[in-house]
Protein chains: 2
Amino acid sequence: MSTTTARDRLVGAAQDLFAAQGVGATSPRAVLAASGVGQGSLYHHFPTKHDLAVAAIGATVDDALARAMRTLRSDSPAITRLVAYLERPRDALAGCKVGRLTSDQAVMDDDGLHDVLTAYFVRLLGVTTDVFRETGLPDDVARDRAHAAIAIIQGGYVLARATQDPDALAAAVRGFVGLLAPKENT
Amino acid sequence: MSTTTARDRLVGAAQDLFAAQGVGATSPRAVLAASGVGQGSLYHHFPTKHDLAVAAIGATVDDALARAMRTLRSDSPAITRLVAYLERPRDALAGCKVGRLTSDQAVMDDDGLHDVLTAYFVRLLGVTTDVFRETGLPDDVARDRAHAAIAIIQGGYVLARATQDPDALAAAVRGFVGLLAPKENT
């Protein structure tokens with residue numbers, strides 16, 4: 001019981017610190033301090049920083065995928081689900097918790113961590129492709145359109161952070177949704 | 001004559017090292033070694049690392065804008081120019097030389113450097129908005145669609161790097177262009 005809680009606290013503290021300052025700049029010692037658990041728990045659950053990072057990034061990815069699935073796999077018509085996913089409120093200036101990791105050198109240089117990111121985007125693209133296919137598109141067109149939809153979100157975050165304009169992500173989404181579902185926009 | 005050459009070499013070496021390893025991880029000493037110029041030239045032209053970074057990032061931004069303008073401001077019809085810009089060959093796995101800087105903490109923490117990035121994207125979005133306006137769209141729709149177009153490229157780079165799939169950027173562009181200019185695709 002108490003060990004489960006300590007593990008969860010360590011993972012939660014690592015998720016927060018990774019999001020705030022990157023994986024490379026976060027030491028296990030800082031995670032330990034932020035988590036409030038005893039030092040023995042850290043080394044018991046996560047003998048190395050790599051182990052801690054795999055657990056924390058895995059948890060971030062699982063949360064993000066679960067949220068995406070709730071929207072993309074509801075009972076609404078396919079196009080409504082896609083638009084709802086695209087238009088979901090997002091903290092544009094904070095950046096995507098998963099997407100930002102692709103620019104974290106400590107993640108990209110570690111195959112185990114990189115694989116977690118790859119699996120996230122492959123899965124998200126797969127589910128999004130399925131929903132576009134439901135709208136009646138052929139497989140290859142559905143796949144390309146899914147790449148465009150996910151790229152709009154990731155690129156919108158990049159634009160918002162680059163221009164310090166929190167509306168930049170929403171503008172990119174509006175621009176894409178206007179092409180995707182013009183009838184819903186008029 | 002020779003001082004111009006030394007300055008250009010220092011800027012070129014800084015551009016290459018920033019692209020390869022990030023601004024934070026690049027020391028003026030490493031730039032000096034890569035440039036092959038004398039130590040006196042470095043401190044003569046760039047008393048601080050900030051001065052060197054402003055010059056190098058400024059040069060990267062100027063190159064990128066000049067390239068974009070050549071495509072976006074040619075004599076072709078507006079939609080043809082937009083598609084040509086979107087479909088331009090890009091080294092997807094290397095990432096966008098400008099966009100990647102938005103994830104470089106050393107850049108984002110330095111207002112002078114961040115301003116150079118902001119100016120780049122504001123200018124690129126402005127010119128792209130103008131071209132969408134030429135296609136007959138109202139101002140606000142043209143602005144949103146320009147955000148979508150630039151987000152597709154930046155997000156496509158993120159997807160390609162995340163999934164290690166060099167086709168991911170091209171797939172996102174195909175998905176967007178298929179919506180934007182369906183007649184050119186059939």
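Me: Why is the pairing of A:Arg143 with B:Asp165 called a salt bridge?
Reply: The side chains of A:Arg143 and B:Asp165 come to 3.7 Å, N to O. A salt bridge needs a side-chain nitrogen of Lys or Arg within 4 Å of a carboxyl oxygen of Asp or Glu, so this pair qualifies. Side chains of opposite charge can pair when their charged atoms come close.

Me: What do these values rest on?
Reply: The model is predicted: local features need pLDDT of at least 70, side-chain atom pairs need 80 or more, and totals for chains, interfaces and linings use all residues. Side-chain values use heavy atoms, without hydrogens and water; residues are numbered from 1 along each chain as its sequence is written, chains are lettered from A and ligands numbered from 1 in the order in which they are written.

Me: How many salt bridges and polar contacts link chain A and chain B?
Reply: Six salt bridges run between chain A and chain B. Eleven residue pairs between the two chains are in polar contact, both residues at pLDDT 80 or more. A polar contact is a pair of N or O atoms within 3.5 Å; within protein, one must be able to donate a hydrogen and the other to accept it, and residues adjacent in sequence count only if both atoms are side-chain atoms.

Me: Which elements of chain A touch chain B?
Reply: Helices 6 (105-108), 7 (111-134), 8 (139-163) and 9 (167-180) of chain A each give two or more residues. Helix 8 of chain A gives the largest share, 16 residues. A helix here is a DSSP run of H or I, at least four residues, and a strand a run of E, at least two, numbered from the N terminus. Chain A has ten helices and zero strands.

Me: What makes up the area buried between chain A and chain B?
Reply: About 3,100 Å² is buried, 66% of it on carbon and sulfur atoms. Buried area is the accessible area (1.4 Å probe) that two parts lose on being put together, summed over both. A:Leu159, A:Ala162 and A:Leu179 lose the most on the side of chain A, together 19% of what that side buries. Each chain brings 40 residues to the contact, where contact means heavy atoms within 4.5 Å.

Me: What makes the pair A:Glu134 and A:Arg81 a link between distant parts of the chain?
Reply: A:Glu134 is in helix 7 of chain A and A:Arg81 in helix 5 (residues 78-87), 53 residues apart. Their closest N and O atoms are 2.9 Å apart, and the pair forms a salt bridge.
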